[in-house]
Amino acid sequence: MRDVGIVSFAQSNALREVRNEVEILLPVVKEAVKQSGLARTEIDFTCSGSSDFLQGQPFAFVMALDGVGAWPPIKESHVEMDGAWALYEAWVKIQTGEVESALIYSFGKTSPGDLAEVLALQLDPYCVTQLWPDADSVAGIQARLYLSRARKSERDLAEVAARSRRDARANPHAVAKGDFDVEKLLAEPYRTSPLRDHDCPTNSDGATAMVIAAGDLARELAKRPVWIRGIDHRIDPPALGVRDLTRAPSAQIAASKAGVGRDKIDFAELDAPYSHQELILCEALGLRPDVRINPSGGSLCTRALFSCGLNRIGDAFARIASGDGDRAVAHATQGHCLQQNLVCVLEGE
Amino acid sequence: MSDDRAPIKSITTPVRLEYDFTAGQAATLFLRGLAQKKIIGARTGPGQPVLVPPRGADPRTSELAQEAVEVSDKGTVVTYSVIRVPSENIKFDLPYVCVNVLLDGAAIGFFHVLQNCPLDKVRIGMRVRAKWVSDDKLAPTVASIEYFEPIDEPDVPYEQIKENT
Amino acid sequence: MANLCGVIGIGQTKYDAKRIDVSMPGLLREAALRALEDAQLTFADIDAVVIGKAPDMFEGVMLPENYLADAIGATGKPLLRVHTAGSVGGSTANVAISLIQAGLHERVLTIGWEKQSESNAMWGLSLSPPFSVAVVAGAGGYFAPLIHAYIERSGAPEDTGIRTALKDRQNALKNPYAHLQIPDIDFDKIANSPMLWDPIRYLESCPSSDGACAMVLATEKLAERAPTPPAWVHAMAMRSEPNQFPGRDAVNPAAGRKAAADLYKQGRISNPRKEIDCAEIYVPFSWFEAMWMENLGFAPENEGWKMVYEGATALDGDLPVNMSGGVLSSNAIGASGMIRYAEAAMQVRGQAGEHQVDGARKTLGHAYGGGSQYFSMCLFGKDKP
């Protein structure tokens, strides 16, 4: 396998944007390209992730093309998935030897639609969607099962939430942040038991962009290239009653293939939109208790759907690049209840 | 246990999703202009091509195109088609003509409908002008322009607009 | 550096206006199981799955591949979902091919599909971006003005489109999977069919179809041992450009020309017209055949229509195009691009039955999408490159 390194990353996140998608994306892409040291036309491949139903627009990704430098014509592709999978496609392209560098971007505006209703369309269309289960309630079912199986408590969940928000204070891009007292959090009413507001994601509007490059090029471009030592993704069956919702087998397989267990991990950025899912993932990824989780605040604090997975990977890159850690796990998820998971291991030079 | 009923072949699930779109700066410029009977385009800077409607960026350079420039509501038809397919979005009687109009001052075509022109007189190069709704109906919406109609000006030779077709 | 990739299994569903006899999983499995059978494999032999389709509004299910994961044998495996508008069938195959070329997997299943009768494709295609004018209904309304521009430039005779439509519809009669099969089709029937978006008539337009197309891709070593000789991937290319900007040529887009040039360079083709035996290209409205002949470098600029007139693109011509009946005969939007690739691959494997071009050794599969702005293409060969 060729060495592939992340050389730059940029993001934009807000609770609600008045700018449209192109306007949000353009400066983020520009920033990532600028930081990379490559001219836009020198980047061989472009790949993005986004969702039509999230945006309320068929072909939503087409309008984004205006803002990302598609003239003269570019080698470009798009996945109807989180940008993390666009990163995967770009990484594969470099492995084929066809390209040496790639620009990856994603955007997600959760504010236009009613996310609870939109995500109900991501269930079994014959037997489940018609019940219009909202995403939080579906996650709540998983949370209830997990607390029971793992003998964890709502306090454990509140602690994840409080810690995330506290850490997010140091992250200028995080949307939810602050000092929250666990007792006070536990005194709040349920949103959908056993989940309270703080256990649920802070849905936001945002965009992310990243530039990756093969071996020698990455070394030329970055003072400290952050290598993608391993990257893999897997999916579990969809039906909520078919699998053990308290575990994430696909995350476990992906982690193993990505080489998570091979060496010491300093921190992990996990795309866990619900507090209990962080605990499920830590178990699935085999992360030891001394590994710092989501120093950025994670997807609990900032979740521009379809961009947040790539955001976690980017946050991990930025931390290593700045010298705060050498080896990290970054994760992205898709589908209800951690159905599909991507895991990568990043290591600074 | 046997079931004599006919098997279920399909189910109908009505779906209704409401989205609250934000216009963004580019569309806002444009829509506010329409409320004032103006067609506003945008460019990245002086001397640069004016894009109508504004889209936020100039696609050739991906630079932010936010400088507002008013263009004429007169223009040249650079291509067209006679439409005979109904759609619930469209209120015009069939057949109607859709046109791509290069408004004077703009660098890209503006898609709209042509009315008050016999079908056999529609041609590339003809001159047209926007027909606005009555003043009391003007609003920040594209519906402020009802349609385009021919005006009495000489056709523009194909050679001059070839690049825009 | 790229590993060689071979197509060792191909499967298609019968395309139809409404495949009410199958659910979504049923539709995909019909194609997937046929492809696996062709390769004499089962789902268990597949290492990764790449799915492609067009906007989810066409089925009313968001990210349906998440729902379909176990139906198509993807449990515990990597699953990717590609969406590049109309070209998606092609770009999906491109991504799947990359997985083999990168040496990541030994056998990849790729499926392009659409069950657009579940929702309403016409509505889905007519949703205009917010704050803009809903001027036309359907893709034909968007493309008709471009065709007018082509006619103006090239001086092509008015019935050029009818001739292409006639050829494709006659070819469809030789393809058991095709959706539209009109046994008594002739020139007049097409010429007299209702005009939809001038100059596109009803019988010059693609239908709206449900369907899926699947391919099994394998590494060189496994492809060599496959039960039917593989179609070797000689080259693949893709390019995109924005859909509207000053000076844009939307009739003969640069992205298409550049993708073709890239493809020919990789495939060491210096004279495409001579060296390529036949092609499956994305023609949703008849006139696009003439236009794409130019865009793909088979004919000089403004002369693509001559190839149609000369009969060059007929099944017995010197460069048969859309032997399967093409998109004009079956258009499950998410599948159409992959059907082009699959049909092109079938030709070099000698699997095309009644619409087989004798001795086809090098074939082209092509797809485009959006405002003629996304292009994917692939070159298949009977022999290794």
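**Domain and chain interfaces, salt bridges and a pocket**

In this predicted model, 37 residues of domain 1 of chain A are in contact (heavy atoms within 4.5 Å) with 26 residues of domain 3 of chain A. The assignment, which is automatic or taken from a database, divides chain A into domain 1 (4-113 + 203-221), domain 2 (115-199) and domain 3 (226-348). Between domain 1 and domain 3 of chain A, the C-alpha centres are 20 Å apart. These two domains bury about 2,600 Å² between them, 66% of it from carbon and sulfur atoms; buried area is the accessible area (1.4 Å probe) that two parts lose on being put together, summed over both. Of the area that domain 1 of chain A buries against domain 3 of chain A, 26% is supplied by A:Ile6, A:Asp82 and A:Trp85, more than by any other three residues.

Residues are numbered from 1 along each chain as its sequence is written, and chains are lettered from A and ligands numbered from 1 in the order in which they are written. Local features need pLDDT of at least 70 and side-chain atom pairs count only at pLDDT 80 or more, while totals for chains, interfaces and linings use all residues; side-chain values use heavy atoms, with hydrogens and water left out.

Between chain A and chain C, 55 residues of chain A are in contact with 59 residues of chain C. The area buried there is about 4,800 Å², with 67% given by carbon and sulfur atoms. A:Phe53, A:Tyr126 and A:Ile235 supply 13% of the area that chain A buries against chain C, more than any other three residues.

A salt bridge is a side-chain nitrogen of Lys or Arg within 4 Å of a carboxyl oxygen of Asp or Glu. Over all chains the count is 64 salt bridges, but 0 are found between chain A and chain C and 0 across the interface of domain 1 and domain 3 of chain A. One salt bridge joins the side chains of A:Glu349 and A:Arg219 (3.4 Å, N to O).

The second largest pocket has a volume of about 1,100 Å³. Among its 45 lining residues, B:Thr13, C:Glu59, C:Gly60, C:Glu118 and C:Ser119 are the closest to its centre. A pocket is an open set of points on a 1 Å grid over the protein atoms alone, where a 1.4 Å probe fits, with protein on both sides within 12 Å along at least five of seven lines; lining residues have an atom within 4 Å of a point. The volume is the space filled by probe spheres set on the points, which are joined across faces, edges and corners. Domain 1 and domain 2 of chain A both give residues to the lining, so the second largest pocket lies between them.
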